[in-house]
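User: I would like to go through this structure with you, pockets to begin with and then the fold. Could you take my questions as they come?

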Amino acid sequence: MTTTICFDLDDTLVHYPEPYENILRRTVQAHDIEYTDELQAVSKDVFYTAFEALEPEPFRQSMAAVVEAAGADADIDALVETLRETEYASTTVPDAARDSLPGLAADNQLAIVTNGVRDRQLGKLDHHGLADLFDRFVASYEVGAHKPDSAPFDRVREKLPADEYVMVGNEYETDVEGARNAGFVPIHYESGDDGGPDLWDAIDALV
């Protein structure tokens with residue numbers, strides 16, 4: 001039996017040990033912009049408004065809003081690149097995931113199903129040297145809809161035919177309910193899990 005195992009990316013496979021506001025703080029300070037709570041709120045509001053609407057370049061829109069709010073003379077594209085580099089450097093991958101993924105990839109098809117901009121999200125896997133383990137990478141921006149919409153799951157089914165599909169994710173509505181509605185077997189990565197052996201043992205046992 002052929003099985004395709006799908007993973008959410010952020011806070012499931014790739015972890016953020018610190019609040020995102022710390023990443024933003026270091027980013028703007030690297031460009032001589034004073035960090036304030038107002039800038040954090042502006043950045044978040046503009047980003048998520050653009051992101052939810054699938055508007056182009058949500059990170060650039062966010063950084064442009066930060067520059068405007070701060071009254072700064074800063075290169076927006078340079079800020080976007082610093083934000084990307086700082087974010088990637090701030091992420092981690094659990095040792096248990098690194099230990100289990102090669103074995104899972106040897107016996108199953110693996111995919112990432114993530115809400116986000118493809119290049120930005122795929123870069124996180126590249127940063128951690130994991131991209132080659134996955135047969136397919138599906139980002140919501142490329143299919144025109146965010147999970148829990150069925151479009152990202154349908155793209156996996158279209159590109160990776162299999163007898164069974166499994167989805168591992170931390171967000172109950174987007175990952176678990178979205179996967180279940182699409183006919184995938186969901187595994188809920190509980191908030192607060194450290195990605196330790198229990199989760200990966202459960203995946204190994206299921207497949």
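User: How do the residues of the lining of the largest pocket divide into nonpolar, polar and charged?

Analyst: This is a predicted model. In it, the lining of the largest pocket divides into 10 nonpolar, 10 polar and 13 charged residues.

User: What volume does the largest pocket have?

Analyst: Its volume is about 950 Å³. The lining comprises 33 residues, and the closest to the pocket centre are Asp-10, Asp-11, Phe-47, Tyr-48 and Phe-51.

User: Which elements give two or more residues to that lining?

Analyst: They are helix H1 (20–29), helix H2 (37–52), helix H3 (58–70), helix H4 (76–90), H6 and helix H9 (172–181).

User: And which gives the most to the lining of the largest pocket?

Analyst: H2 does, with seven residues.

User: What about the second largest pocket: how much space lies in it?

Analyst: The second largest pocket holds about 150 Å³ of space. Its lining consists of Glu-57, Pro-58, Phe-59, Arg-60, Asp-77, Val-80, Val-117, Asp-119, Arg-120 and Tyr-141. By class, these are five nonpolar and five charged residues, with no polar ones.

User: Over how many bridges do E1 and E4 pair?

Analyst: Strand E1 (residues 3–7) pairs with strand E4 (residues 164–169) over five bridges, in the parallel sense. Within this pairing, Thr-3 stands opposite Glu-164 of E4, and Cys-6 has Met-167 of E4 as its bridge partner.

User: How many bridges join E4 to E5?

Analyst: Four bridges join these two strands, which run parallel. Val-168 stands opposite Ile-187 in E5.

User: Is E4 mostly covered or mostly open?

Analyst: E4 is mostly covered, as five of its six residues are buried.

User: Which residues of H9 are buried?

Analyst: The buried residues of H9 are Thr-174, Asp-175, Val-176, Gly-178 and Ala-179.

User: What covers them?

Analyst: The cover for the buried residues of H9 includes helix H8 (151–159), E4 and E5.

User: And which residue with a positive phi follows H9?

Analyst: That is Gly-183, with a phi near 90°.

Key:
Residues numbered from 1 in each chain as written. Predicted model: local features only at pLDDT ≥ 70, side-chain atom pairs only at ≥ 80, totals over all residues. Heavy atoms only, no water. Pairing = 2+ DSSP bridges. 1 Å grid on protein atoms, 1.4 Å probe; cavity = no way out; pocket = protein on both sides within 12 Å on 5 of 7 lines; lining within 4 Å. Points joined across faces, edges and corners; volume = space filled by probe spheres on them. Nonpolar A, V, L, I, M, F, W, Y, C, P; charged D, E, K, R; others polar. Buried < 20%, exposed > 50% of the residue type's maximum accessible area, 1.4 Å probe, protein only. Contact = heavy atoms within 4.5 Å.
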